[in-house]
Amino acid sequence: MIVAIDGPAAAGKGTLAKRLAEHFDLAFLDTGRLYRAVGHLVLDRGGDPGNPADAVGAARALDPENLDSVDLYTETVAEAASKLAAIPDVRKVLLAFQQAFARTPPGGKPGAVLDGRDIGSVVCPDADVKLFVTARAEIRAERRHKELQEKGLKSTYAAVLAEIEARDERDRTRKVSPLKAGDAREIDTSEKSPDAVFEEARAYIEDLSS
Ligand code: C5P
């Protein structure tokens, strides 16, 4: 079983994806981490995330099996990620790893949950389940701001809101693999607790497979 979860920044995709993976005993891939890791590497090398040569070079040098060691959480890294995510050759390099993960999930699991921006449209267009998780920008910024503070990272609500809005705009309007709901079932998490979102998705998946 393949579950594709897409949506804008900080909408609650990761939280939902992890819970669904645990519940249905599936592997989990946060594809944003791949783009963030490339962004981190470009910045580390003193490169420009919007420059195709710098970004593709970093994407090729990435070891996708080894992403846990670096801190990829900052909004600086997220911004770099969204700039290089608009470069077609970067997406091509990362696509192969994502599709291999879905085809042969690690740990012998019977399927996988992948979350990102183009999972249901490009990475796994034949996914058994497609969800589009969204929320109002102000709510997403509030949640992300709180998360960053809890991690001890410096952040202001206004800066996070501006960054999230700029990133969403870039992700929605780029030519390759833009963020869109397509044929996915939409879940707006603005007024819902993580438990309520999980229950809604679980019920939807169980309905589909019965
Ligand atoms: O999901 P996350 O916020 O970590 O993603 C960081 C950035 O990576 C996004 O803003 C987006 O530009 C890019 N991304 C993408 N396609 C994906 C996952 C992430 O373009 N499947």
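Let's start at the ligand: one of its oxygen atoms lies 2.6 Å from an N or O atom in the side chain of Asp 171. Another such pairing involves Arg 36, where an N or O atom of the side chain is 2.5 Å from an oxygen atom of the ligand. The protein covers 96% of the 460 Å² of accessible area that the ligand has on its own (areas come from the Shrake-Rupley method with a 1.4 Å probe, and for residues only the protein chains shown count as cover).

Before going on, a word about what you are looking at. This is a predicted model, in which local features need pLDDT of at least 70 and side-chain atom pairs count only at pLDDT 80 or more, while totals for chains, interfaces and linings use all residues. Residues are numbered from 1 along each chain as its sequence is written, and side-chain values use heavy atoms, with hydrogens and water left out.

Which residues are closest to the ligand? Of the 14 residues that surround the ligand, the closest are Arg 36, Arg 91, Arg 117, Arg 167 and Asp 171; a residue counts as near if one of its heavy atoms lies within 4 Å. This shell divides into 3 nonpolar, 4 polar and 7 charged residues. Here Ala, Val, Leu, Ile, Met, Phe, Trp, Tyr, Cys and Pro count as nonpolar, Asp, Glu, Lys and Arg as charged, and the others, Gly among them, as polar. Helix α2 gives the most to the shell, with 4 residues (helices are DSSP runs of H or I with at least four residues, strands are runs of E with at least two, and both are numbered from the N terminus).

Now follow helix α4, where you will find Ser 82. Is Ser 82 buried or exposed? Ser 82 is buried, because its relative accessible area is 4%, and buried means under 20%, exposed over 50%, and partly exposed in between (1.4 Å probe, protein chains only). Its side chain makes a polar contact with the side chain of Arg 170 at 2.4 Å. Such a contact is a pair of N or O atoms within 3.5 Å; within protein, one must be able to donate a hydrogen and the other to accept it, and residues adjacent in sequence count only if both atoms are side-chain atoms.

Most residues other than glycine have a negative phi. Ala 10, however, has a positive phi near 60°, and Asp 25 has one near 55°. Ala 10 is buried at 14% relative accessibility, whereas Asp 25 is partly exposed at 41%.
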